[in-house]
Amino acid sequence: MTALSGDGPDRARRAAGAVVGSAVGDALGAPFEFGPAGAFSRRFPEGTTGGEMCGGGGWDPGEATDDTQMAVLVAESLLERGGLDLPDMFARFQRWAASEPKDIGLQTEQVLTGGLAWDDASAIHFQTTGRAAGNGGLMRAATSAVYFAHHGQEATTAAARRITALTHGDSAVWEGTAVFHELVRVALEGADPVAAVPRTLALVRPDHRSRYATVLADGWHPDQATEFNGAVWPCLGSAVWALRTTGSYEAAVRAAVDLGGDTDTVAAVTGGLAGAWYGVDAIPTRWTEPLHVPLPGSDGRVLRLAELLDLARRLAA
Ligand SMILES: [Mg+2]
């Protein structure tokens, strides 16, 4: 990660960077989902200056997926309800899930369409299946991380856990989102999020700490992952690795997509962190120009850069 000269971007540019940076990563990675490592850079070698928002796999060029769609739902619930209203957020997720989004996580879909109450659905799903360690809570967290950052460390990590628990009953996943929220909070303060990893690990519940310590360690590489990167641990570890080992927003997100696998989500998480650190002005305009976020279940609304910037501004206010 490159240290920034002077004070770096101001807080507002960093907040915008987190929200837009996550959406851009999502849209850039979407056409490469489930592909092999290196597919992105074979098609778009380093130095490429256009066309990377290529579309494919059912996605239009610049189209953001469920990761960003759900992040927008989180944002609009927080803003319209004036804070954390979990039943409202869950109802928004349900309306969206019932409107045939192009993609939706398996676990998220089961929880949202199972007809159970908001405060039971994910826990019962987890008890029944024993499987809930996907990255689906982490992927949508850029907006809530910006919103709760100025409420402080305790509030932002608590909110991360509760929002994640709406769809994911495994507390291991809550901790990953809590780490992400805290690293974004630190970056918005203008402090180095990679340097904050060790002290952030101390906030992780003791029974989940060692697994996060492994994937967030300085020398960890995504090749060492013991699960597919659709699981929460390697997804977060890969995002921090991408930030740690590159020197720009662009390079970090390229590295994330190039890992293959769950490319949209790994790049969305990476883009949220890298955008918070480098600021929105570091995101190439050739990537933000085609960016758009369709919102199934909301009368055909499509958010573009201007709407995302407005959302980020209100979240950070
Ligand atoms: Mg997705």
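Which residues is aspartate 264 in contact with, leaving aside its neighbours within four places in sequence? They are Asp26, Gly29, Ala30, Glu33, Thr65 and Asp67, where contact means that two C-beta atoms, placed from the backbone, lie within 7 Å.

Before going on, a word on what you're looking at. This is a predicted model, in which local features need pLDDT of at least 70 and side-chain atom pairs count only at pLDDT 80 or more, while totals for chains, interfaces and linings use all residues. Residues are numbered from 1 along each chain as its sequence is written.

Back to Asp264. Its place is in helix H14 (residues 263-278); helices here are DSSP runs of H or I with at least four residues, numbered from the N terminus. Asp264 has 29 C-beta neighbours inside 10 Å, so it counts as buried (20 or more other C-beta atoms within 10 Å; 12 or fewer would be exposed, and in between partly exposed). Beyond four places in sequence, Thr65 touches Asp26, Ala30, Trp59, Asp103 and Asp264.

Both residues turn up in the UniProt record: the "binding site" annotation, from an unreviewed entry, covers Thr65, Asp66, Asp67, Asp262, Asp264 and Thr265. These residues span 201 residues in sequence, yet no two of their C-alpha atoms are more than 12.5 Å apart, so they gather at one spot. Bear in mind that such annotations may be inferred rather than shown by experiment.

Val184 touches Ala18, Ala145, Val146, Ala149, Gly272, Leu273 and Ala276, not counting residues up to four places away in sequence.

Leu273 also shows up among the contacts of Pro193, along with Leu183, Val186, Ala187 and Trp277. Pro193 lies in the loop between H9 and helix H10 (197-201), and its C-alpha is 5.2 Å from that of Leu183, 10 residues away in sequence.

Leu236, for its part, is one of the buried residues of H12. Of the 13 residues in that helix, 12 are buried, so H12 is largely enclosed by the rest of the structure. Its buried residues pack against H9, H10, helix H11 (206-215), helix H13 (249-257) and H14.

Key. Helices (H or I, at least four residues) and strands (E, at least two) are DSSP runs, numbered from the N terminus.
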